[in-house]
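Dear colleague,

I am passing on the structure we spoke about, and I would be grateful if you could look through it alongside the notes below.

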Amino acid sequence: MYPWEIGGFLESINTLYYKFDLLNSISSALTEGIKPSDIFVFDKSLPLYKRYSKLNLLEESNAASHFYSIGLPYPLFPNQDIYEYNLLYQAFYTVNSFLLKEHVRPLAINNIALIYREMRTEGLDVAETFIIDLAEDRAKKSFQQSKKLNKKLLTREKISSALDKYKVRKAKILSDVAYIQSLNNDRCQEIIESDKRDDKNISKILLAFFQYFEKTSRPLVCARVAEGKFRVLGRSLVNKREKNGLELKEATRRSPFGALFECGATMLQAISGESRAAELHQLELEKKRTEIAVEKEKLAGERLKNFKLAMELQNEIDAAARGSDIQAIRKVPDSYLKERILKTYQGQERHAVSMLTSKGI
């Protein structure tokens with residue numbers, strides 16, 4: 001590569017590494033008993049150059065404030081709990097946009113932690129009322145501090161009416177989610193494969209997690225691992241204090257330009273995938289053919305030694321893979337979710353082949 005290509009290559013390989021790591025972490029979480037409804041992704045990508053040193057195990061209300069700028073959460077399997085979290089963000093954004101339109105300073109993002117706690121203890125409806133309370137108080141202060149003679153007080157009724165369209169969306173999504181939760185695995189699969197209009201709307205909700213996972217280059221995926229606690233998955237590539245992600249160790253400017261990387265077993269999926277088993281089989285065949293040649297001609301000693309070393313290296317790679325979570329998907333029970341996760345793995349493998357081929361690797 002030319003030196004100016006290294007940056008683009010790093011960004012591409014890091015995205016692949018990160019997504020494989022997330023898929024492995026999701027699979028591990030499922031095998032460890034985390035419910036699919038407690039795993040969720042946000043619909044916007046994490047900024048590439050922003051440091052997220054605190055993203056690890058977070059108290060839910062604090063996490064709600066941290067994650068607001070990243071987008072709306074969508075669960076791996078649709079459920080009311082995470083969709084209410086999604087709707088809470090929508091309600092807050094809608095009211096804030098209305099305040100801004102009416103020339104009233106919007107509510108501070110740190111209010112989301114208080115609103116989220118209200119939702120978890122009292123419900124979404126009460127949390128919406130709390131948002132309106134805060135907005136009304138902000139509007140009164142704005143009116144009192146205004147020096148404009150013609151400024152009108154923004155009333156509670158007007159603030160509440162700003163949520164009218166949101167409430168229509170809310171009723172529809174919660175109704176659809178309630179319906180989905182009554183379905184079995186086979187019916188979910190039928191809906192995904194159906195061409196019926198009504199089924200397509202439900203299918204979009206069933207596959208929302210995978211849509212946003214594919215769409216965003218650096219998706220933020222979290223899991224509820226205990227009451228009131230969210231764990232950020234794939235955090236070695238989010239939290240820069242972690243030391244087990246992908247790291248550039250050395251770059252030399254000699255010709256050709258060289259770079260040395262240090263990474264975990266996840267990189268095997270990005271650069272070799274399932275080809276390891278086929279390579280090992282081919283090495284076994286080559287070894288046997290070479291052993292026959294050695295017996296006949298006694299001329300291929302060094303060649304046999306090289307094949308043995310290659311096999312030892314491949315066995316060490318396979319041992320590293322077995323000791324990691326890159327094969328966790330095999331333990332996930334059969335379901336439409338497992339099938340979708342496997343398809344997402346395949347999509348990432350295609351991206352990897354395309355990217356590596358385009359770089360001549």
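This is a predicted model: local features need pLDDT of at least 70, side-chain atom pairs count only at pLDDT 80 or more; totals for chains, interfaces and linings use all residues.

Residues are numbered from 1 along each chain as its sequence is written, and side-chain values use heavy atoms, with hydrogens and water left out.

To begin with the rings, a search of the whole structure gives 16 aromatic pairs (rings of Phe, Tyr and Trp, the last by its six-membered ring, with centres within 6.5 Å; planes under 30 degrees apart count as stacked, over 60 as edge-to-face and the rest as tilted). One of these pairs is Phe40 with Tyr85, which is edge-to-face at 6.1 Å centre to centre and 80 degrees between the planes. Because Phe40 lies in strand E1 (residues 39-45) and Tyr85 in helix H3 (residues 80-101), the pair ties together parts that are 45 residues apart in sequence (helices, H or I with at least four residues, and strands, E with at least two, are DSSP runs numbered from the N terminus). Phe40 and Tyr85 are both buried (under 20% relative accessible area, with exposed over 50% and partly exposed in between, using a 1.4 Å probe and protein chains only). Ring pairs also link Phe40 and Tyr85 into a cluster whose members include Phe42, Phe67, Tyr68 and Phe230.

Two charges sit over rings (NZ of Lys or CZ of Arg within 6 Å of the ring centre and within 35 degrees of the ring normal): Lys19 lies over the face of Phe213 at 5.5 Å from the ring centre, and the charged end of Arg218 is placed over the ring of Tyr18, 5.9 Å from its centre.

Turning to the helices, H4 (residues 111-122) and H5 (residues 124-145) pack at about 150 degrees with their axes 7 Å apart (axes are lines fitted to C-alpha atoms, for helices over the stretch in contact, and angles run from 0 to 180 degrees between N-to-C directions). H4 and H5 are therefore roughly antiparallel (angles over 145 degrees; under 35 is roughly parallel, 65 to 115 roughly perpendicular and the rest oblique).

Finally, His103, found in the loop between H3 and H4, has a positive phi, near 65 degrees, although it is not a glycine, and at 66% relative accessibility His103 counts as exposed.
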